[in-house]
Protein chains: 2
Amino acid sequence: MHTSDTLLEKVNEAIRTINLNRSPAELYSPIVYTLNLGGKRIRPVLVLLNCEIFGGDLNSAVNPAIALEVFHNFTLLHDDIMDNAPLRRGKETVYKKWNANVAILSGDTMFALAYKHLIKTDKAILNDILDIFTTAAIEVCEGQQYDMNFETRKDVSIDEYMEMIRLKTAVLIAASMKTGAVIGRANLKDVENIYKFGECVGIAFQLQDDLLDVYGDQEKFGKKIGGDIVSNKKTFLYIKSLQDAKGADKNILQKYFSSADFEPQEKIVAVKKVYDNIGVRETTVELINQYYARALDCYSLISLSEEKKTPLKKYTDRMMQRDF
Amino acid sequence: MHTSDTLLEKVNEAIRTINLNRSPAELYSPIVYTLNLGGKRIRPVLVLLNCEIFGGDLNSAVNPAIALEVFHNFTLLHDDIMDNAPLRRGKETVYKKWNANVAILSGDTMFALAYKHLIKTDKAILNDILDIFTTAAIEVCEGQQYDMNFETRKDVSIDEYMEMIRLKTAVLIAASMKTGAVIGRANLKDVENIYKFGECVGIAFQLQDDLLDVYGDQEKFGKKIGGDIVSNKKTFLYIKSLQDAKGADKNILQKYFSSADFEPQEKIVAVKKVYDNIGVRETTVELINQYYARALDCYSLISLSEEKKTPLKKYTDRMMQRDF
């Protein structure tokens, strides 16, 4: 059994060998740039990890793993256009560094490239792997659309929010795990539990992302603190606080989320103060723990020995602690 | 053997049965709108037609056929953003009717939907069909990037232009034919010739599109005459004329293609006059005929009886005459 760091190296090595030395350069340079931005490579590592705990051949999991990572990076590329995001992992986004047209078309090409790797999967399970991937791809698009819809809506419910992050974030984590399990020839029941495990981990992971945006350590989190507040993102913290807030607190939240024109630092301080008053930090931590506990219930049902499946839990623990 | 009109009906019926009654409506409405805009459905008809002449089962070709049409429509959706095109088939483009973000994300979803249909292909040939499709998808993106590059270049050669339209237009026509032939279990040699046939037909078809933009009948062509001239598109007519023009004619071409600010009608009249002086209409017709003759050379190598393969030639004849 390899450590997750060794698997990460394997993923990075495989990404370096993708042949992107093609013409036109205007199309492929942004793809090289994007894939070289790094990142934690959570999805491909999860493919390899799940393949390995079920006793699968790692080499047969490398192409599907790359497919998941290239797809994920494609979604970031297009999301950054839609969100007008200038920075990603501390560097200029493709749409800023080049332009929106380049970002659209390089993204489209990455989507096709993802399939180019995916179709190298062993024929015996190709159908399943394609189905898992394509279903997840459609759901990720649905999640992104809900997220965009929420930007202009004032009445987003917690249920709607949870469904949005399930689609936008959790299904791809779940699909990565499931892909690995199928390649490792896990039985149907285990594949199902692995997916549910991944889905709950994904939801907990996204809720934690929301939390770190407000209460994280900028150095460790790698993003500017308060970004969601500045851009009026309807996160769990906002929706829950708005629901629980009364009087002046409610007015402050509504006022600051009604426009994008406020001075950022002033806005962050004011909104964070309301969050503190409401105690939404603790509520969010509780919800994260609930989802991670639910994830571990699914994990406990996986029919592998504790020893065999421990590496998976170790890795999701690291995900939850952002310990990469 | 069905007529191509019957095959078109089959395609349209299949498109009507795609389940797009999903949430969020903001994502799926533009997809329904796009697929209902109609069009000639050339690519899916070519899939069915090629399947049938080789004796394949039409029902097994329907899903791949839909995949090709949905993919083609996805490329139009994204191209319209990049080209700032307000109209498509006489109706507002998605990016105009909704906005660019919606067009990006609905397009992405269509790309995934195309694969959703493609992966329903018979397992025995799934790998081949996926490979044909994915290779074509990447090449179409490359062609679109070249087309965008050409917008700001003044030294595009005829060879570069021919390669661009091969990638942007011809490979998808060729891939559609090849897909049908593979489903019809054509032998390798025939599959190869079908692809080359489709490639030459596709190039001739695009050259004719360039020609009709200037010399077509607006009613029959379905687009505004002179659109390529107004938007400074580096078509074969422009590149060839610029190459052959001397003195005043050359100056006129360079002047009018140096900016997008000219009064459209004045620009069309002036550029068309140069084209007439140069005689580029005749040169283009000659080149179209050359490519269609080359296509028919490939056609003649296909190892089916003349009777069996005639429906294919009848259809490509209709394509060349825009007789739909």
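This is a predicted model: local features need pLDDT of at least 70, side-chain atom pairs count only at pLDDT 80 or more; totals for chains, interfaces and linings use all residues.
User: Which residues are buried in helix α2 of chain B, and against what do they pack?

Analyst: Helix α2 of chain B covers residues 25-35, and its buried residues are B:Leu27, B:Tyr28, B:Pro30, B:Ile31, B:Tyr33, B:Thr34 and B:Leu35. Their packing partners come from both chains: α7 of chain A, and α1 (4-16), α4 (62-82), β2 (91-92), α5 (94-97) and α6 (100-118) of chain B.

User: How does one read a pair of packed helices, and at what angle do α6 of chain A and α7 of chain B pack?

Analyst: Two packed helices are described by the angle between their axes and the distance between the axes. For α6 (residues 100-118) of chain A and α7 (residues 123-151) of chain B, the angle is about 165° and the axes are 9 Å apart. That makes α6(A) roughly antiparallel to α7(B), because angles over 145 degrees count as such. The crossing of these two helices, α6(A) and α7(B), is left-handed.

User: Which residues make that contact between α6(A) and α7(B)?

Analyst: From α6(A) come A:Asn101, A:Leu105, A:Asp108, A:Thr109, A:Ala112, A:Leu113, A:Tyr115 and A:Lys116, while α7(B) contributes B:Thr134, B:Ala137, B:Ile138, B:Cys141, B:Gln144, B:Gln145 and B:Met148. By class, the contact of α6(A) with α7(B) holds eight nonpolar, five polar and two charged residues.

User: Within chain A, at what angle do α4 and α7 cross, and which residues meet?

Analyst: The axes of α4 (residues 62-82) and α7 (residues 123-151) of chain A cross at roughly 20° and come within 12 Å. Helices α4(A) and α7(A) are therefore roughly parallel to each other, and their crossing is right-handed. On the α4(A) side, A:Ala67, A:Leu68, A:Phe71, A:Thr75, A:Asp79 and A:Met82 meet A:Phe133, A:Ala137, A:Val140, A:Gln144 and A:Met148 of α7(A). The residues of this contact of α4(A) with α7(A) are eight nonpolar, two polar and one charged.

User: How do α8(A) and α9(A) cross?

Analyst: Their axes come within 7 Å and cross at roughly 135°. The helices α8(A) and α9(A) are therefore oblique to each other, and α8(A) passes α9(A) in a right-handed crossing. The contact of α8(A) with α9(A) has 17 nonpolar, four polar and four charged residues.

User: Turning to the backbone, what is phi of A:Asn84, and what is the phi of B:Arg185?

Analyst: Most residues other than glycine have a negative phi, and most peptide bonds are trans. Phi of A:Asn84 is positive, near 50°. A:Asn84 lies in the loop between α4 and β1 (87-88) of chain A and is exposed, with a relative accessible area of 54%. B:Arg185, also not a glycine, has a positive phi of about 60°. B:Arg185 sits in the loop between α8 (158-183) and α9 (188-215) of chain B, and at 45% relative accessibility it counts as partly exposed.

User: Is the peptide bond from A:Ser23 to A:Pro24 cis or trans, and where is A:Pro24 found?

Analyst: The bond from A:Ser23 to A:Pro24 is cis, with omega near -5°, and A:Pro24 belongs to the loop between α1 (4-16) and α2 (25-35) of chain A. In chain B, the bond from B:Ser23 to B:Pro24 is cis, with omega near -5°, and B:Pro24 is in the loop between α1 and α2 of chain B.

Notes:
Residues are numbered from 1 along each chain as its sequence is written. Chains are lettered from A and ligands numbered from 1 in the order in which they are written. Side-chain values use heavy atoms; hydrogens and water are left out. Axes are lines fitted to C-alpha atoms, for helices over the stretch in contact, and angles run from 0 to 180 degrees between N-to-C directions. Helices (H or I, at least four residues) and strands (E, at least two) are DSSP runs, numbered from the N terminus. Angles under 35 degrees count as roughly parallel, over 145 as roughly antiparallel, 65 to 115 as roughly perpendicular and the rest as oblique. A crossing is left-handed if the near helix is turned anticlockwise from the far one by less than a right angle, and right-handed if clockwise. Contact means heavy atoms within 4.5 Å. Ala, Val, Leu, Ile, Met, Phe, Trp, Tyr, Cys and Pro count as nonpolar, Asp, Glu, Lys and Arg as charged, and the others, Gly among them, as polar. Buried means under 20% relative accessible area, exposed over 50%, partly exposed in between (1.4 Å probe, protein chains only).
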